[in-house]
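Hello,

Here is the structure I promised to pass on. My notes on what turned up follow just below it.

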Amino acid sequence: MKVQFFLHLFSFFIFFVLLAQCKTHPIDIQGLKDVKNRINPKSISSGSCLGSWNFSVDPCDHIFTDRFTCGFRCDLIVSGFYRVTEISLDQAGYSGSLPNSLNLPHLEILDMSYNSLSGSIPKSVSNLTRLRRLSFSKNSFTGPITSSIGSLFRLQELFLDNNKFTGSIPESFKGLVNIKRFELQQNNISGELPDLNQLRNLIFLDLSDNRLAGNFFTTNLPDSMIELSVRNNYLHGEFPLNFDELRFLQVLDLRHNLLSGMIPAVLFHHSSLQQLTLSHNNFTFLQVPEDLGFRSKLIAIDLSYNNLRGLLPAFLASMPELSALNLEHNKFSGMIPMQYAVKVVVPRNHTASFERLLLGGNYLFGPIPGPLLGLKPGSFDVSLVDNCLYMCPDTVYICHGGYQKSYLDCKTFGPMIP
């Protein structure tokens with residue numbers, strides 16, 4: 001026991017001797033200098049993290065001072081060197097560009113979000129082979145996204161959103177086999193989506209607000225997806241009937257595209273889907289599921305601004321979790337099903353009520369279901385404006401905010417409308 005005690009004591013002695021003699025790895029010091037030298041000096045205030053990087057003392061050696069935590073983090077290597085494993089300079093207002101030679105071989109996290117950095121991402125980003133998180137959100141980077149990022153196979157999170165990137169998504173991104181979250185929204189990315197099926201760990205993908213085109217549904221997506229948003233692009237195509245293969249999907253947002261055809265029943269009995277947003281497309285038909293939606297997990301559905309026709313689908317009122325439904329600005333006709341009114345006003349123990357029901361901008365006619373007439377302002381968000389409901393004057397709460405269509409418009413649309 002005494003021998004073990006002295007061995008442990010000796011080990012601690014050696015550790016503290018090394019700790020007292022540790023220095024930041026020379027390559028990391030030069031990397032930190034390169035980063036600072038490329039930042040516009042006018043954007044570096046004296047009290048900022050970069051302002052404290054004067055390198056008059058070893059950056060990591062003074063681990064019990066403020067220098068250790070200001071903008072970067074260091075880990076100890078037993079060989080006697082500290083290694084810089086994290087640089088976090090987000091929301092600091094820095095301008096300038098990245099160094100052409102990024103050489104921080106031990107870096108695991110690089111976060112320079114919410115600054116005013118410009119230029120392009122250098123190819124030397126491939127030197128950061130240990131990166132797990134790379135974030136350049138909310139800057140002013142331009143030009144194509146370097147394909148070198150695709151070699152960072154350890155990368156788990158990639159944030160390139162809210163910049164001015166152009167060109168297409170590099171094919172090399174198929175090599176990001178450990179990526180879990182990828183955000184590229186709010187850029188000027190064009191071209192078609194690459195095949196993403198190899199990214200078996202991807203759970204969150206946001207490519208919204210770009211210029212992506214092509215048939216969206218020919219893109220192979222990994223079945224690991226939980227949240228998928230590609231709104232505000234130029235994608236076209238029709239839903240495949242096997243979309244339920246994305247069995248973990250909870251959020252699907254494809255609004256403001258050129259998608260068409262049928263909205264398949266598979267979306268309404270999906271095992272995990274909770275939020276479905278398909279507004280501002282060219283869908284023309286809604287398929288009724290065989291189980292009438294009784295197994296659906298959907299909480300919110302937005303199908304507004306399409307070309308959906310026919311009677312209002314009554315099965316939507318049978319979905320146990322659905323509390324928000326937007327069918328505005330389509331071409332639905334017929335009378336409002338009583339099931340809709342009941343789901344608004346009748347509280348239930350095991351199913352959700354409609355807290356939002358937007359049916360304006362269609363060609364609905366006939367009497368308004370009685371339960372809806374008693375709704376008071378502020379109780380529920382219900383709108384029936386811009387239909388053919390002649391007994392829906394603006395004085396009624398659910399008819400506030402707009403008139404009904406003219407008699408001529410309604411008769412022109414369909415002879416069934418009285």
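Is D111 buried or exposed? With a relative accessibility of 9%, D111 counts as buried (under 20% relative accessible area; exposed is over 50% and partly exposed in between, with a 1.4 Å probe and protein chains only).

A word on the source: this is a predicted model, where local features need pLDDT of at least 70 and side-chain atom pairs count only at pLDDT 80 or more, while totals for chains, interfaces and linings use all residues. Residues are numbered from 1 along each chain as its sequence is written, and side-chain values use heavy atoms, leaving out hydrogens and water.

Now the salt bridges (a side-chain nitrogen of Lys or Arg within 4 Å of a carboxyl oxygen of Asp or Glu). The structure holds 14 of them. In one, D111 pairs with R133, and their closest N and O atoms are 3.1 Å apart. That pair links distant parts of the chain, with R133 in strand β7 and D111 in strand β5, 22 residues apart (strands are DSSP runs of E, at least two residues, numbered from the N terminus). R133 itself is partly exposed, at 24%.

E108 and R132 also meet through their side chains in a salt bridge, at 3.1 Å from N to O. E108 lies in the loop between β4 and β5 and R132 in the loop between β6 and β7, so this pair ties together parts that are 24 residues apart in sequence. E108 is buried at 17%, whereas R132 is partly exposed at 31%.

Elsewhere, F294 is exposed, at 54%, and sits in the loop between β20 and β21.

Best wishes

Methods: Helix = DSSP H or I, 4+ residues; strand = E, 2+ residues; numbered from the N terminus.
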